[in-house]
Amino acid sequence: MTTADGRRAADGGPARGGDPSPDRTAPAGKAPAGTGPAGRAPGGPAAADTVAAVVRQWGTVRPDLDTGPMEVIGRVNRCAALLQQAEDAPLRRAGLTRPEFDVLGTLRRTGHELTPSEIARETFSSGAAVTKRLKQLTERGLVERRGDTRDRRVAHVRLTDAGRDLVDGVLPDQLAYETGVLSGIDQDRQRELAGLLGELLGQLEGRLRLPRA
C-alpha cells in the first residue's frame, strides 16, 4: 500500500506477518511505531486485519506520522472492496447489478415518477451512467419512460408492474443477505457503527464534491 486510502490493501495488500509490537523507541513526542493516536495499537488489541498490518509497516518506516486516519479510511475502503468482490447474492440471482437495483429501489421507495436527473441525484450517479442503466432496465420491461408534455427534453421514469414485483421480491432476500454479512457484530455495536458511519458520510456529503460513478 502506497497511499493512506487503503486501496492497494483492497487488492491484496502487503504480506502479513509483521511484528505487532516492534521493540523500538519512538521519537520524543511521538507514538510508538505501528500505533495510532495516543499510542493505541491499530484497531485495538484484537485487530488482525490487512489494514492493521499495513499500519504496522508504515509505523516502521515512518514512525513520525500519525496513521490514525488510515485505520478508518483504509478499513472503509477495504470493506467496500470486499463487498463489491463478493457481490450481492440475491441481486445476482435476479440478474441485477447493485447500481441497477439502486435505480429500481429509488423508484419504489419514492413511490412516484422521477426524471433521470432526479434518479442521478438520488443514487449519486452520473447522468450518463443512469441513462445506460435505464436503457437496460427498459429493455427488460422493468421501467418505462414517458415524455414531458411541456418539454420534450425531459423524460419521466416509473416502475412497471414487473419492476415493482421484482423489487418487492428481492428486497427481503437482500436484507437477509446483509444481515448475514453483519452477523458477527451484535446489534448494539451495529447501531453504533451505523451512527458513526452516518456521521462521517454526512460530513463528506456536506464538505466534499466527489466525482460520481
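A residue counts as buried when its relative accessible area is under 20%. The model is predicted.

**Exercise 1.** Determine which residues of α8 are buried and what covers them.

*Solution.* Applying the cut-off along helix α8, one finds that G163, L166, V167, V170 and Q174 are buried.

**Exercise 2.** Describe how α5 packs against α8, giving the angle, the distance between the axes and the handedness.

*Solution.* Start with the geometry: α5 (residues 98-110) and α8 (residues 161-181) pack at an angle of about 115°, and their axes lie 10 Å apart. The crossing of the two helices is left-handed. Turning to the residues that make the contact, α5 contributes R98, F101, L104, G105 and R108, while α8 contributes R164, L166, V167, D168, V170, L171, Q174 and E178.

**Exercise 3.** Find where α8 bends, and compare the span of α8 with the expected value.

*Solution.* The bend, about 30°, is at L171, and the proline P172 follows within four residues. From first to last C-alpha, the 21 residues of α8 reach 30 Å, which is close to the 30 Å expected at 1.5 Å a residue.

**Exercise 4.** Decide whether H156 is buried or exposed, and list its contacts beyond four places in sequence.

*Solution.* H156, located in strand β2, has a relative accessible area of 15% and is therefore buried. With neighbours within four places in sequence left aside, H156 is in contact with E113, L114, T115, E144, R145, R146, G147 and D148.

Terms used
Residues are numbered from 1 along each chain as its sequence is written. This is a predicted model: local features need pLDDT of at least 70, side-chain atom pairs count only at pLDDT 80 or more; totals for chains, interfaces and linings use all residues. Side-chain values use heavy atoms; hydrogens and water are left out. Axes are lines fitted to C-alpha atoms, for helices over the stretch in contact, and angles run from 0 to 180 degrees between N-to-C directions. A crossing is left-handed if the near helix is turned anticlockwise from the far one by less than a right angle, and right-handed if clockwise. Contact means heavy atoms within 4.5 Å. The expected span of a helix is 1.5 Å times one less than its number of residues. The bend at a residue is the angle between axes fitted to the seven residues ending there and the seven starting there. Buried means under 20% relative accessible area, exposed over 50%, partly exposed in between (1.4 Å probe, protein chains only).
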